[in-house]
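Please examine the structure below together with its sequence.

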Amino acid sequence: MRLAVISDVHSNVFALRAALGKIKEYSPDKLIFLGDLVGGGAYPEETVQLARRQSGAIFIKGNHDLFAYTGNSPYRPQDIRSKIIKWQYSVLSDASKEFLKNMKETETLVGGGKKVVCLHYPKKENGWFKIPVLLPNEDEVEQIFEGMDGDVFLFGHEHTGSFHVIGDKYYINFGTCGNYVETGLARCGIVDVTPEKVAYKLINAEYDDEIPKKKAEEILKILGDK
């Protein structure tokens, strides 16, 4: 079973387009989006429209997807993050909001004799996502995923990415596709699950990120002046 994984696009349709183009070279059996398709960037509607055209893909809901289709912000009204959330809500079509609303919380796939759990990030008892740990060590990973059943965990939320094999379990986060952690690179990944092993490969798709960066800066300035 070959899985292509994209996470944390954050309304960067340019990065998503580059990642999808690169992924095609690997002929995956399934494409998985691990949440935060929108949020933060300048092209939420265009990003959702492109994602929706990916037939058979699995879409997992992230915190920013929830913010975008409800228009509700956890931040104070004058916080620029709240203003971005309200703006994204205003430019998303009803169809795109409905698409985001219908994303799954988690998805479990079985292949190669292994249970593959797809999620944005583990949640606390109150149903909200745990605070992401940047570049977690093995002890932190085990604490984050404590009590969860599975053999391979594919997740996002923590943008820098992390890769751990602890005992016979795999914890794989390819990092953000569209949030400019690396200049001009859209991150994504391929995971091969067979009875013999689990293999994973980080993929960096090159693209010109100047246009989405400039557009995002323009929107931030307009919202910041309000």
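The paragraphs that follow describe selected features of this model, which is predicted.

Two packed helices are described by the angle between their axes and the distance between the axes. Helix 4, residues 80–91, packs on helix 7, residues 210–225, at an angle of about 110°, and the two axes are 10 Å apart. Helix 4 is therefore roughly perpendicular to helix 7, since angles of 65 to 115 degrees fall in that class. The crossing of these two helices is right-handed. On the side of helix 4, the contact involves Ile-80, Lys-83, Ile-84 and Trp-87; helix 7 contributes Ile-219, Leu-220, Leu-223 and Gly-224.

Within helix 2, residues 44–52, the buried residues are Pro-44, Glu-45, Thr-47, Val-48, Leu-50 and Ala-51. These buried residues pack against helix 1 (13–23), strand 2 (30–33), strand 3 (58–59), helix 4 and helix 5 (94–101).

The aromatic side chains form the next topic. A pair of aromatic rings is described by the distance of the centres and the angle of the planes. The structure contains 13 aromatic pairs. One of them joins Phe-153 and Tyr-171, whose ring centres are 5.1 Å apart and whose planes lie at 5°, so this pair is stacked. Because Phe-153 belongs to strand 6 (residues 152–154) and Tyr-171 to strand 8 (residues 169–173), the pair ties together parts that are 18 residues apart in sequence. Both Phe-153 and Tyr-171 are buried. They also belong to one aromatic cluster, which is formed by Tyr-121, Phe-145, Phe-153, Phe-155 and Tyr-171.

The final topic is the backbone. Most residues other than glycine have a negative phi, and most peptide bonds are trans. Ser-11 is not a glycine, yet its phi is positive, at about 60°. Ser-11 lies in the loop between strand 1 (2–6) and helix 1. Leu-135 likewise has a positive phi, near 45°, in a residue other than glycine. The loop that holds Leu-135 runs between strand 5 (114–119) and helix 6 (138–144).

Which of the two classes, buried or exposed, applies to Ser-11, and which to Leu-135? Ser-11 has a relative accessible area of 1% and is therefore buried, the limit for that class being under 20%. Leu-135 has a relative accessible area of 58%, so Leu-135 is exposed, a class that requires over 50%.

Technical notes:
Residues numbered from 1 in each chain as written. Predicted model: local features only at pLDDT ≥ 70, side-chain atom pairs only at ≥ 80, totals over all residues. Heavy atoms only, no water. Axes fitted to C-alpha atoms, helices over the stretch in contact; angles between N-to-C directions. Helix = DSSP H or I, 4+ residues; strand = E, 2+ residues; numbered from the N terminus. Parallel < 35°, antiparallel > 145°, perpendicular 65-115°, else oblique. Left-handed = near helix turned anticlockwise from the far one by under 90°. Contact = heavy atoms within 4.5 Å. Phe/Tyr/Trp six-rings, centres within 6.5 Å; stacked < 30°, edge-to-face > 60°. Buried < 20%, exposed > 50% of the residue type's maximum accessible area, 1.4 Å probe, protein only.
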